[in-house]
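Let's take a walk through the side-chain contacts in this one. Have the sequence and the structure open while you read.

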Amino acid sequence: MAPGVSSTAPPALSRPLILLLSVACGIAVANIYFPQAISPLIAEDLHVRPASAALVVTCAQLGYAAGIFLLVPLGDRLRHRGLITTLLLVTCAGLVLAGTATSLPVLAVASALVGLTTVVPQILIPMAAGLTAPERRGAVTGTLLSGLIGGILLARTFSGTLGEWLGWRAPYLVAAVMALILTLALAAALPHTTPSTDQRYPALLAASLHLLRTEPLLRRSCQYQVLVFAAFSAAWTALALFITGPHYNLGTPAVGVLALVGAVSMFATPIAGRRTDRRGPDAVNLVCMLGAIAAGALLLTGRLGGAIGLVGLGAGMLLLDVAMQSGQVANQARIFALRPEARARLNTAYMTCAFLGGSAGSWLGVRAYSAFGWNGVCGLVALLAGLALLRHVLRSREVTAAADARMPAPAGENGVPAGR
């Protein structure tokens with residue numbers, strides 16, 4: 001039985017409700033990404049170094065990773081309406097705390113709290129799949145994922161522009177209002193659901209860890225995404241410091257404008273899905289890893305400055321966006337084929353690892369920028385993607401060696417295998 005579905009036939013999701021759920025995914029996930037564009041404004045107002053202010057992004061991503069691991073499994077255990085509205089209310093409180101913070105430690109704690117509870121998309125998507133007839137499940141899931149990607153893309157534009165006009169606190173407070181409105185809308189619109197399991201909470205958490213230990217393909221997918229998502233997060237976190245610094249001396253809206261070029265990834269992910277269906281996830285992963293390495297090289301053109309440099313930065317970030325998003329499609333296709341009855345817990349393990357990688361990438365990106373400038377960030381992107389490629393190549397050799405070992409030895413005279 002699908003997560004959160006009662007024994008009776010699932011109610012059909014109306015088009016307005018699907019649209020609402022898609023918007024909810026976008027608004028919720030934006031809370032993790034919009035601080036990337038305003039960290040220079042935070043540094044200036046709170047009188048801290050830009051590298052220190054960028055830790056706000058790391059804390060939000062660490063909180064998100066913790067929330068995926070600790071809270072998403074409850075989607076199988078509790079009624080969705082109560083769980084989702086409670087999480088959104090706590091998210092609203094965290095955003096208000098962040099928007100009124102007078103010191104960096106308070107802001108960092110508030111960011112971690114927001115990250116912890118803004119995991120609503122990772123609960124809504126499995127819920128919607130369970131409430132949809134099989135022949136419409138792909139279309140509904142794709143609509144919600146489009147909202148998710150749209151939230152990621154627009155988050156930096158929203159915060160960069162609003163922060164430049166009204167200060168860095170404004171994006172947090174506007175996001176709090178949006179979270180409150182969303183809470184009221186979902187409380188009225190979400191259908192009644194029945195928990196799919198009565199497992200105790202410790203058993204739910206243990207299930208994800210057990211899957212990570214026992215499923216080699218899950219571990220490999222996690223390793224790929226940890227490295228590529230770390231490269232992605234390193235580049236985006238350092239980008240705000242680079243283009244608002246002395247090399248370009250632009251405002252935070254410029255970060256949002258560059259983020260808009262990533263809209264192409266909304267069109268690239270369905271193509272990646274079809275390629276995964278036809279050629280398998282490994283082939284798509286290989287192309288994505290090579291693309292991420294190429295993105296690291298292309299981002300070096302940002303050192304040229306002026307319009308040429310900005311075009312190079314936009315093209316490099318676009319290529320990195322497409323590589324990361326498309327690689328995720330391949331990775332999730334691989335893990336969801338393992339155990340259909342445990343997809344929520346497989347996704348919990350996978351997404352937890354992914355955002356731990358993203359958190360590490362944000363931290364490493366700031367360190368690389370502080371020590372080596374933009375060249376160091378580009379090198380870090382290429383290095384992380386190169387490690388993923390090395391893991392993929394080693395995996396290919398392992399598979400070839402295993403296949404050779406299973407093949408019978410060539411037959412000699414009288415049918416006796418040669419060499420025996």
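## A buried aromatic pair

Tyr64 and Phe355 are both buried. Bear in mind that this is a predicted model. The rings of Tyr64 and Phe355 make an edge-to-face aromatic pair, with 4.4 Å from centre to centre and 65° between the planes.

Phe158 comes out at 27%, so it counts as partly exposed. Phe34 and Phe158 also belong to an aromatic cluster together with Trp168 and Tyr172. Elsewhere, Arg156 lies over the face of Trp236, 4.0 Å from the ring centre.

## Salt bridges

How many salt bridges does a search of the whole structure find? The search turns up four. In one of them, the side chains of Arg169 and Asp45 meet at 3.6 Å, N to O. Arg169 is in helix 9 (residues 169-189) and Asp45 in helix 2, so the bridge ties together parts that are 124 residues apart in sequence. Arg169 is partly exposed, with a relative accessible area of 25%, and Asp45 is partly exposed too, at 39%.

Then look at Asp282. Its side chain meets that of Arg220 in a salt bridge of 3.1 Å, N to O. Since Arg220 lies in helix 11 (residues 216-243) and Asp282 in helix 14 (residues 281-299), the bridge ties together parts 62 residues apart in sequence. Arg220 counts as buried at 5% relative accessibility, and Asp282 is buried with a relative accessible area of 18%.

Asp282 also forms a salt bridge with Arg395, at 2.8 Å, N to O. Arg220, Asp282, Arg334 and Arg395 are linked in a network of salt bridges.

## A nonpolar patch outside

On the surface, Leu383, Leu387, Leu390 and Leu394 form a nonpolar patch, with about 350 Å² of accessible area together. Leu383 has its place in helix 16 (residues 343-406).

Key. Residues are numbered from 1 along each chain as its sequence is written. This is a predicted model: local features need pLDDT of at least 70, side-chain atom pairs count only at pLDDT 80 or more; totals for chains, interfaces and linings use all residues. Side-chain values use heavy atoms; hydrogens and water are left out. Patches are made of residues with over 30% relative accessible area and no salt bridge: like charges are joined within 9 Å, nonpolar side chains (Val, Leu, Ile, Met, Phe, Trp, Tyr) within 5 Å. Accessible areas come from the Shrake-Rupley method with a 1.4 Å probe; for residues, only the protein chains shown count as cover. Helices (H or I, at least four residues) and strands (E, at least two) are DSSP runs, numbered from the N terminus. Buried means under 20% relative accessible area, exposed over 50%, partly exposed in between (1.4 Å probe, protein chains only). Rings of Phe, Tyr and Trp (its six-membered ring) pair if their centres lie within 6.5 Å; planes under 30 degrees apart count as stacked, over 60 as edge-to-face and the rest as tilted. A charge sits over a ring if NZ of Lys or CZ of Arg is within 6 Å of the ring centre and within 35 degrees of the ring normal.
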